[in-house]
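Please look over the sequence and the structure below.

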Amino acid sequence: MRAEPAVRGASSAPPLPRRRGPIAGASKLIISLVSCILIIAVWEGAVRFGFIQPLFLPAPSQIVNRAMLMLEQGTLFGHVIASTWRVMVGFVLASCVAIPLGIFLGTSALSRAIFDPVLSFLRPLPSMSWIPLSLLWFGIGESQKYSIVFMGSFAPSLLYVMEATKGVDPLLVKAAQNLGAKQKDVMLEVILPASLPQIISGLKVMLGIAWTCVISAELVAAREGLGFLIMNGKEYFQTDTVVLGMVLISLTVMATDIVFRALERRILKWKD
Amino acid sequence: MEGLTSNAVIRFSDVSKSYGSLLALNDVSFNVEEGEFVVIVGASGCGKSTMLNMIAGFDQPSNGRIEVQGKEHSGVNPQCGMVFQQYALFPWMTVEDNIAFGLKMKGQSKAERRQHAQEFIEMVGLRGFEKAYPKALSGGMRQRVAIARVLANSPSVMLFDEPFAALDAMTRQVLQEELVKIYEQQRKTILFITHSIDEALLLSSRIVVMSARPGRIVQDIQNDLPHPRNAEVQLSERYVELKRHIWGSVQAEVMRSIEGAA
């Protein structure tokens with residue numbers, strides 16, 4: 001019946017020690033730090049010595065000054081928080097719908113057949129294309145921002161979740177049923193936790209996409225947020241504000257990624 | 001039911017199973033009595049896993065009837081607990097939660113489950129590993145968890161689908177001995193599949209030998225070897241005689257299937 005008797009057994013062997021390159025740990029950190037400082041120094045120098053016009057690319061010190069100024073005015077964190085909040089609301093809403101629906105669709109061929117046309121239609125639409133309709137439907141308030149993030153991340157999240165459920169070992173479903181699990185139990189107790197690693201790595205990608213969505217929404221119509229900051233800087237030829245906005249986006253996404261990863265390690269501590 | 005006497009827990013009546021044009025099991029009839037430890041031996045592809053799958057309700061016979069405790073089942077029947085060759089533990093659950101899974105499905109409270117599971121954790125010798133995840137366990141320990149998980153669910157029949165085939169020889173021997181102990185304590189009805197004649201002789205109270213595809217029963221032997229089946233028993237004349245007897249028909253079937261494949 002079974003042609004591969006020992007294959008599974010092999011997985012119980014201790015994993016090989018991870019191969020490290022010639023540069024590891026602390027020295028890698030130092031090298032990265034030095035490279036970072038070097039780039040900033042060259043950039044600063046290039047502007048100071050007149051190789052680059054500050055209008056086209058302001059020096060790092062100018063950007064820091066702008067940041068300090070905005071800190072004093074108390075507007076800096078407002079923009080960061082506004083955008084982060086919009087991303088979180090839209091993203092969490094999208095996940096809350098996409099995860100259960102994706103698990104349901106992933107396990108039921110009939111419902112998949114029903115939803116497939118709608119999904120195939122929604123999937124290729126970039127979040128930008130929803131901006132006119134969302135303005136019409138929700139005005140220029142917060143819910144319009146949420147809706148853009150939602151529409152931009154919902155369909156791809158759903159596909160990630162559906163794909164993740166396909167990777168679940170059918171033997172685990174069999175074992176659960178054998179222990180008395182009903183359809184609902186199989187979905188909640190087996191399919192969901194078994195596909196969670198895949199779902200989370202999908203959501204990590206989605207989080208990046210959600211940021212793109214919110215920035216594009218803010219570029220078009222907003223009074224606050226990092227996208228607005230960039231657009232506003234452009235209006236007044238404040239290139240330092242524009243670049244500061246870009247730097248803040250990058251830093252915020254990095255920070256959320258760190259939080260997300262910590263969360264992932266906690267949730268997936270059973271993974272090898 | 002039709003006036004049949006014995007208290008058979010499992011009853012196969014003229015069971016056939018085909019997948020498309022492939023006949024996997026041909027007209028099998030046999031009973032397993034309460035408390036028997038039946039080991040089914042046969043070459044690969046003789047339909048022995050199919051038999052287990054049909055008893056557990058994962059699959060339905062194409063012809064004939066399968067009754068478990070006098071009833072035909074149309075879906076998965078948790079009364080027949082299955083131990084799989086690949087353990088099939090839930091990797092996101094601790095040892096304790098894996099073992100308590102069936103109890104959770106029955107709606108027991110967390111405290112009840114924990115207490116109940118502890119009993120079986122100790123039975124299979126995994127005390128101290130309650131909070132460990134399967135990734136941290138060896139193959140032998142994983143299979144212990146799987147056995148405890150089925151036991152905790154208190155099924156009326158335990159089905160073993162080549163459970164020790166993926167383990168090394170030493171671990172296998174230890175687990176075989178433990179299984180015999182558990183069987184002697186619990187007196188569960190057990191149906192166990194293997195392709196090792198020695199394993200069959202060590203564990204069983206009865207041995208059923210299957211033919212190559214399409215699977216039929218070619219021998220049905222009461223295993224009268226004395227317990228415990230230690231090294232001495234394994235060197236006894238009766239042991240060798242039984243082994244030769246079984247090997248004779250298994251060998252013929254293996255040859256037949258090789259020729260059939262060629």
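Two strands pair if DSSP finds at least two bridges between them. Helices (H or I, at least four residues) and strands (E, at least two) are DSSP runs, numbered from the N terminus. This is a predicted model, where local features need pLDDT of at least 70, side-chain atom pairs count only at pLDDT 80 or more, and totals for chains, interfaces and linings use all residues. Residues are numbered from 1 along each chain as its sequence is written, and chains are lettered from A and ligands numbered from 1 in the order in which they are written.

Q: Which residue is the bridge partner of Ile40(B) in E9(B)?
A: Strand E3 (residues 37-41) and strand E9 (residues 206-210), both of chain B, run parallel and share four bridges. The partner of Ile40(B) in E9(B) is Val208(B).

Q: In what order do the six strands of the open sheet in chain B stand?
A: The pairing in this sheet is mixed. E6 and strand E10 (217-222) of chain B each have a single partner strand, so they stand at the edges, with one side of each left without a neighbour in the sheet. The order is E6-E7-E8-E3-E9-E10.

Q: What angle does the direction of H5(B) make with that of E6(B)?
A: Axes are lines fitted to C-alpha atoms, for helices over the stretch in contact, and angles run from 0 to 180 degrees between N-to-C directions. Contact between two residues means that their C-beta atoms, placed from the backbone, lie within 7 Å. H5(B) packs on the sheet and touches E6 and strand E7 (157-161) of chain B. The angle with E6(B) is about 175 degrees.

Q: Which residue in the turn between E1(B) and E2(B) has a positive phi?
A: Strand E1 (residues 8-19) and strand E2 (residues 22-33) of chain B are antiparallel partners over eight bridges. Ser18(B) stands opposite Leu23(B) in E2(B). The two strands form a hairpin with two residues between them, and the residue with a phi of about 60 degrees is Gly20(B).

Q: How many residues of chain A are in contact with chain B?
A: On the side of chain B, helix H1 (48-56), strand E6 (80-83), helix H3 (101-105) and helix H5 (139-152) each supply at least two residues. The contact joins 31 residues of chain B to residues of chain A, which number 20.
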